[in-house]
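User: Hi, I have a new model open and would like to go through a few of its features with you. Could we start with the surface?

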Amino acid sequence: IIAKKDEEDVKVAIKLSTVEEYGTNNRKPKDFILFAGVIEAFKYIFSFVLLAFCIAMVMGCIFTRQSAAAHYNIHPIAAAFLFWFLICWLAMIEGGQGCIVGLQPIDPEKYSHSHQITRKNIDQVKNGDNMDRFIIGRQFLVVLVIFLINACGSASPGADPFGLPKIWNDIFLENGIAMMMTTIVIGQLTSQVNAAVCMLDFINNYLMLFTTYLSLGVEYSGLLHSVYLVQIGFSKITGMTIESNEPPRNAFMQCFFWMQVMASTTLLGYCLAVTLQALIDGNSGMWDGVPSWASMIIFFYCLAVTLQALIDGNSGMWDGVPSWASMIIFFVLMCFAGLMDGMQIAAFALLNIPEEELRHHPVAYTNCQLMFSGQNLQSFLIGRQVFVAALIFIVARIAAISGPDGYTIFGASDYIQGFYNTGLLGSIVLTNFGSLMWRIVASNVPVAFMSNPVVYVIIRVCLLFEGTGICSASWGLARIHKAIAGYKPDGFYLEKEEEEEEGGTVEP
């Protein structure tokens, strides 16, 4: 889908180079296309300049020891290496999911010889319900990597690497715009552009194979099994059956599964408690078979302890913002991130629903008409990616724990407190509450999900984000990356394989 916009850019360029076809008596189309071309060129130039400036600001903070890495006594060179490794890994995770999902309908035998590692990746997720497991584990990795990127390269309070006016530092460093721009364009959108049309080449490497194994391992660990409690509860309420490609679990596997669900729900409640405790104490990284009642008791107990601590008013929120406002902002942002994650799932689920059926749901119909009109779906997906990544960064700043010397949560030891400070607990909370649970609801009742009036506003905001051209540099970087990596469209390999089977040849 994203590649279609790239094709449209090419078509515009072709029209600009062959203006004669409009004739001398048809000045309006030519003027309009020239104007559109100028606007597109300005977007590209502006986006590249902005991206270069943001990268310079982030690297400047790292090498002048004014970043979060200095807080952990990480050498600037090591911090810079770690930062770019995480960016590259995030790009692989983001693009890899689309490749693995997109290659499912294709017979692996058609590329087993030319792309052996790609075949290994696909084989891992084809068995049983491994695709769902991969998506759940992969979503946690995305959030975790963004948390680590933020912990590595975010600017320290009052950072000024180049002696710029304070307003510039406030916008790009204090508010995290430089970090967001660098991560979104290089670590997410650029890879998704190439992954949309070069799936075979994109995941034909061992980093993606490692990511696939790790995603499955994260899900198997039971860390995120609390999301299945939501899935089961939702199916009971709606009367919908949960489809599976695996045989029913035996007694041992059923017991093991529910033990994982219970442990995951308990962990989720504790993670939320720790996160809110830090928020309330003002020591976050923000700007200055099992009965359900047992899980609920654990969850609300942790929440109550956390809220009590929040009242102490020690949040790292903006100066003057009370603790209760910090809590509200935290939960509202998580809800918005989850809502947009669910919107993507619901949109694809409704893409081929007959229009007559949608007309019975006026709000959902209006939202779908807007989303599926012209190139709006592609623009929405790009704007959504920017919006979600920005929200994750903001929530990561809120959930990150950064208290004064000697500060502990629940009287934890220095070692345990050091673990809290990594932000891992915040990433678990965000993955569950800000992503997976919303996806489950959207996949089960996409029409009801899209019947939310707020969805219309979010679509408009996402279209506005994409229309600004802030991330247009991703298209140019994708072309450069594609040329350096030697990526070719999937059709090149698949057609070549078919012709070789027929005894034919393919022109180089």
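**Surface patch and helix packing**

Analyst: Gladly, and on the surface F81, L82, F85, L207 and F210 form a nonpolar patch, whose accessible area together is about 480 Å². Please keep in mind throughout that this is a predicted model.

User: Which helices supply at least two residues each of that nonpolar patch?

Analyst: They are α4, which covers 76-102, and α10, which covers 206-220. The most comes from α4, which gives 3 residues to the patch, while F210 has its place in helix α10.

User: OK, back to α4 then. At what angle do the axes of α4 and α8 cross?

Analyst: The axes of α4 and α8 cross at roughly 35° and come within 8 Å, and the crossing of these two helices is right-handed.

User: And which residues meet there, in α4 and in α8?

Analyst: On the α4 side they are F83, W84, I87, L90, A91, E94, G95 and C99, and they meet M179, T182, T183, I186, G187, Q188, S191, Q192 and A195 in α8. Sorted by kind, the residues of this contact of α4 with α8 divide into 9 nonpolar, 7 polar and 1 charged.

User: How far apart are the axes of α8 and α22?

Analyst: Helix α8, residues 177-195, and helix α22, residues 473-485, have their axes 8 Å apart and pack at an angle of about 65°. The crossing of α8 and α22 is right-handed. From α8 the contact is made by V185, I186, L189, T190, V193 and N194, and from α22 by A473, S474, W475, L477, A478, H481 and K482.

User: How do those residues divide into nonpolar, polar and charged?

Analyst: For the contact of α8 with α22 there are 8 nonpolar, 4 polar and 1 charged.

User: Changing topic, how many salt bridges are there?

Analyst: The count comes to 7 salt bridges, taking a side-chain nitrogen of Lys or Arg within 4 Å of a carboxyl oxygen of Asp or Glu as the rule. One of them joins D123 with R119, where the closest N and O atoms are 3.0 Å apart.

User: Where do D123 and R119 lie?

Analyst: Both D123 and R119 lie in helix α5, residues 116-126, and they are 4 residues apart, about one turn of the helix.

Terms used. Residues are numbered from 1 along each chain as its sequence is written. This is a predicted model: local features need pLDDT of at least 70, side-chain atom pairs count only at pLDDT 80 or more; totals for chains, interfaces and linings use all residues. Side-chain values use heavy atoms; hydrogens and water are left out. Axes are lines fitted to C-alpha atoms, for helices over the stretch in contact, and angles run from 0 to 180 degrees between N-to-C directions. A crossing is left-handed if the near helix is turned anticlockwise from the far one by less than a right angle, and right-handed if clockwise. Contact means heavy atoms within 4.5 Å. Ala, Val, Leu, Ile, Met, Phe, Trp, Tyr, Cys and Pro count as nonpolar, Asp, Glu, Lys and Arg as charged, and the others, Gly among them, as polar. Patches are made of residues with over 30% relative accessible area and no salt bridge: like charges are joined within 9 Å, nonpolar side chains (Val, Leu, Ile, Met, Phe, Trp, Tyr) within 5 Å. Accessible areas come from the Shrake-Rupley method with a 1.4 Å probe; for residues, only the protein chains shown count as cover.
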